[in-house]
Amino acid sequence: MPPIGTLYISSNNQTPGKVIRAVGVLTGTEFTSPSHYEHFETNKTPEFLAKFPYGKVPALELASGGTITEGIAIARYVALKAGNNQLLGKTPEEEAAVDQWQNFVYTELVPRGSRWAELYYLHEIPYSKKLEATLKQAGRVFNATAETVINQQKLKAIFGEPSYVEKIAPYTPPTKEDKKKKEEVTKA
């Protein structure tokens, strides 16, 4: 089967790009890579913006002539094009469940998980052993789920070996100077 188009991603580590490439592997779909793509340069050129007006990646330039942007939309298109009901669901209820979990991950887990950790480690929310335990447990559950996916033989080349932080940075209370700077910024 010839490649369905050219896939533009910012790097091989971009999460939506990995998801799209994983769907490609699972469905036997191939993509071409752009001959030259430099993120924050190529996607600002008039040629790129003529195809993809928002200048965002991931972006797929279809061999048939169209374009698609946004990770979930591209991954769904790839699965649809391949006729893969295993990834999309066989009934409207199964399709809705797939959509539900995709949306949950991208609107709840990713931004909220990142934000909670950020707020915690930047001392924006007070330290508590219960919160730390909750964050650690959430991390363990997420890691176990992610490992189930990325350790599939077909997907190892895309996701690689997972690596984890050996030890969580210890909580260090903010200094008086940090508190004073924060108060000054808040007043401004």
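Where is E70 found? E70 sits in the loop between β3 (67-69) and α3. Let us keep that spot in mind and walk through the rest of the protein before coming back.

The model is predicted, so local features need pLDDT of at least 70 and side-chain atom pairs count only at pLDDT 80 or more, while totals for chains, interfaces and linings use all residues. Residues are numbered from 1 along each chain as its sequence is written, and side-chain values use heavy atoms, with hydrogens and water left out.

Let us begin with the overall plan. The protein has eight helices and three strands. Here helices (H or I, at least four residues) and strands (E, at least two) are DSSP runs, numbered from the N terminus. Along the sequence the pattern reads β-α-α-β-β-α-α-α-α-α-α. Of the 188 residues, 23% are buried; buried means under 20% relative accessible area, exposed means over 50%, and partly exposed lies in between (1.4 Å probe, protein chains only). Among contacts between residues at least 6 apart in sequence, 57% join residues at least 24 apart.

Now find two helices that pack together. Two packed helices are described by the angle between their axes and the distance between the axes. Helix α1 (residues 15-27) and helix α3 (residues 71-82) pack at an angle of about 5°, with their axes 9 Å apart. That makes α1 roughly parallel to α3, since angles under 35 degrees count as roughly parallel, over 145 as roughly antiparallel, 65 to 115 as roughly perpendicular and the rest as oblique. The axes are lines fitted to C-alpha atoms, for helices over the stretch in contact, and the angles run from 0 to 180 degrees between N-to-C directions.

Which residues meet there? From α1 come P16, V19, I20, V23, G24 and T27, and they meet G71, I74, A75, V78, A79 and A82 in α3. This contact divides into nine nonpolar, three polar and no charged residues. In this count Ala, Val, Leu, Ile, Met, Phe, Trp, Tyr, Cys and Pro are nonpolar, Asp, Glu, Lys and Arg are charged, and the others, Gly among them, are polar.

At 6% relative accessibility, A75 counts as buried. Leaving aside neighbours within four places in sequence, A75 is in contact with V19, I20 and V23. The C-alpha atoms of A75 and G24 are separated by 7.9 Å, although these residues are 51 apart along the chain.

R21 lies in helix α1 and is also buried, at 19% relative accessibility. Beyond the neighbours within four places in sequence, R21 is in contact with L7, I9, N12, F31 and I158. The C-alpha atoms of R21 and L155, 134 residues apart along the chain, are separated by 8.8 Å.

Next comes the interior. In soluble globular proteins, nonpolar side chains tend to be buried together. A nonpolar core is a set of buried Ala, Val, Leu, Ile, Met, Phe, Trp, Tyr and Cys residues joined through side-chain atoms within 4.5 Å. The largest one here has 13 residues, and L7, I20, V23, L60, I74 and V78 have the most contacts inside it. The elements giving two or more residues to this core are α1, β2 (59-62) and α3, and the largest share, four residues, comes from α3. A second, separate core has six residues, including Y37, F52, V57 and A59.

Strand β1 (residues 5-8) holds T6, which is buried with a relative accessible area of 16%. The side chain of T6 makes a polar contact with the side chain of T32 (2.8 Å). A polar contact is a pair of N or O atoms within 3.5 Å; within protein, one must be able to donate a hydrogen and the other to accept it, and residues adjacent in sequence count only if both atoms are side-chain atoms.

Finally, look at the backbone. Most residues other than glycine have a negative phi, and most peptide bonds are trans. E70 has a positive phi of about 80° although it is not a glycine, and E70 is partly exposed at 39% relative accessible area. F40, in the loop between α1 and α2, has a positive phi near 70° and counts as exposed at 59%. The peptide bond from V57 to P58 is cis, with omega near 10°, and P58 is in the loop between α2 (46-51) and β2.

How values were computed: Contact = heavy atoms within 4.5 Å.
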